[in-house]
Amino acid sequence: MTIRRWSVVAPAALLVAVSCRAPVPAIAPAPTAAESQAAADSAAAASLRRDSLGAAARRDSLAAAQADSLRLAAQTEARAESVQFQVGRPTTDTATGAVATGLSAAETALLGDRIHFAFDRSALSAEDQAKLDRKAQLLAAHPGLRIRIAGNCDARGSEEYNLALGERRAAAALRYLVAHGVAASRVDILSYGKERPIDRGHGEAAWAANRRDDFAAAGGGR
Amino acid sequence: MRRAALLTAALALAVPLALLAQDSTGAPPSGVRVGITYTPGTRASLAVLPVVSSVLDSARTILARDLDESDQFDLLQPPATVALRSGSPNYAALSALGTDLAVAIVPDSAVPSTVAVELHDVPRGVLRSRTRVALPRGTGTEAFREAVHRVADEIVQWATGSRGIAATTLLFVSGGHLWRVDPDGAGLLPVPSAGLPALSPAWSSDGRTIAYTAYVRSGQPIVLQDLATGHREALAGTEYGLNITPAFSRDGRYLAFAHGDENGTDLYRYDLARHCCLTRLTTGTYYDNLSPAWSPDGQRIAFISTRAGSPQLYVMSADGTGQEVLASFDFGRTGQTNAPEWSPDGQAVTFHREVAGTPQVFVEDVASKTLRQITGEGRNEDPTWAPDSRHLAFVSSRGGISRLWVVDLVTGRMRALAATVGGRLPAWSPRRTFFSEAP
């Protein structure tokens, strides 16, 4: 079985690993010139408006500045939404946007069935394990299928710590699948921390919904 | 009876005084000093003299705000009658207003767009310092404001012996993109970056390179970006897995970061000077080590670890040896502790720690290990030091809108950067940056 993750390839060597290769990986392009220019223009305009105010007026202009910045934030959000998320983007069928997996609708639903976690925990419940058993069977029935597991957290914890916690949650599912016969090379994991909530509300119901692993086909099928 | 009444009165007085410079409404953990002790009346009073042209008035407005926000002076609002056209200021009139220091912006009749900026000692009636500065055209431009910020920083140096922080930049994340803003809240601009989202920007100490986590198709590499050329490259060895929380050593030789995979998250150190040599600094199975923060002498790294359960603050030598607790905690009781950053003067580490389930900004004196809780209203997180080791910027939800705030640790003064709504993960630049070198 092939494992692409470099740390798995040689964990011991990493104690004093040497990696003198030139950096190569592809990096997503920057926002287009038009996008950057539009954002720069609006920011510059907002900046000019603020600077044109007198000193006394400036202190009173908080509301106007807030309106400006809220609009900027909204524009930024809109742009973020409009740009296709570039992470681990699966091979897509350009016509439908769906991954060409050959899975039935029921199988796709089974694959996508989320698992959930307790607060600040990455342990799998019995219910989660049962869901993962079914996914392992699905993967056994479709030997070409590759999947991606994305770990997610609720909004309460620290931004950066949640990235590590989300990774642990995705890794917990990966380890379970590997222990149940799935080749590690067929599973990619990543963490979004609290970047991608599915419920933006507050309170335990929203938090519980967001503490999850998402599963998606990353290619293959049949 | 009378004594009891007096005692009650004294207590009634004492309690509000103790809370004077305190932000907190929630109860602090025991053993932690809350808030900031500040004795008013010890700062010099300073007046920026009125000027006679609109261009100079724009400069004066920016300058006065910078000096005010240095938190080193009590700013006075002098009347127009003390405007300086030439010669010396009206020391007698300024002295009558209680002015210790007066700043004058004097047009240079020989060279248009050039001004002299003077600092006057009013009680002694003498000119203390003087500099000439060329003001770029266009009062609303970055270059104009930058030039004035630098003058403000020089005036702070003249008056206090250490340079101000107006000519610096804050990087932060909003909507998954990187943005920059000046510490006075103006100059909000996007910084084109790789990946969506881009997270956790960090500065090199020469202000020319930034590092951040970029979510790209192949994974989450650490991206190094040259601000002058725009050149970007992924750090070798971060092509796969989760690579987060980069931090440059001050000498620029190393980049420390956390790499996460199915075995947990651990800290690594890459040798930027030799373009090679990834050294693993922590080993943990199924727990996390992240958020490295270099001491400015490069000898130690503070970091977060979940080895005892919840994330807490530890410190180790820069080679990974000698790992120990840096901020003491009670197992199972102390809230999660995250996002450390070592002060540029080396004396303190700031971080956020949950108090009653809500993150609050703390500062720990490294030598004495004394903790100070700085905030208490709303969520307050991800603090970053200004280069003066006196101001912090952080993300606060106070007032119901999350944005960046700045606190002065000496006076306790807090102010919002109004335009940064939705901003998070701020990183305060060193004094010199590529941005401040731009024409």
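Start by selecting Val325(B): leaving aside neighbours within four places in sequence, Val325(B) is in contact (heavy atoms within 4.5 Å) with Leu313(B), Tyr314(B) and Lys369(B). A quick note before moving on: this is a predicted model, where local features need pLDDT of at least 70 and side-chain atom pairs count only at pLDDT 80 or more, while totals for chains, interfaces and linings use all residues. Residues are numbered from 1 along each chain as its sequence is written, chains are lettered from A and ligands numbered from 1 in the order written, and side-chain values use heavy atoms, without hydrogens and water.

Now color strand β21 of chain B, residues 324–325, and you'll find Val325(B) in it. Strands (E, at least two residues) and helices (H or I, at least four) are DSSP runs, numbered from the N terminus.

Next, pick Thr81(B), 244 residues from Val325(B) along the chain; their C-alpha atoms are separated by 60 Å.

Then show the open five-strand sheet of chain B, with the order β3-β2-β4-β5-β6 and mixed pairing. Two strands pair if DSSP finds at least two bridges between them. At the edges, β3 (73–76) and β6 (126–134) of chain B each pair on one side only.

Zoom in on β5(B), residues 114–121: eight bridges join β5(B) to β6(B), and the two run antiparallel. Click Val117(B), and look for its bridge partner Thr131(B) in β6(B).

Last stop: helix α4 of chain B, residues 142–160, which lies across β3, β4, β5 and β6 of chain B, at about 160° to β6(B). Such angles run from 0 to 180 degrees between N-to-C directions, with axes fitted to C-alpha atoms, for helices over the stretch in contact.
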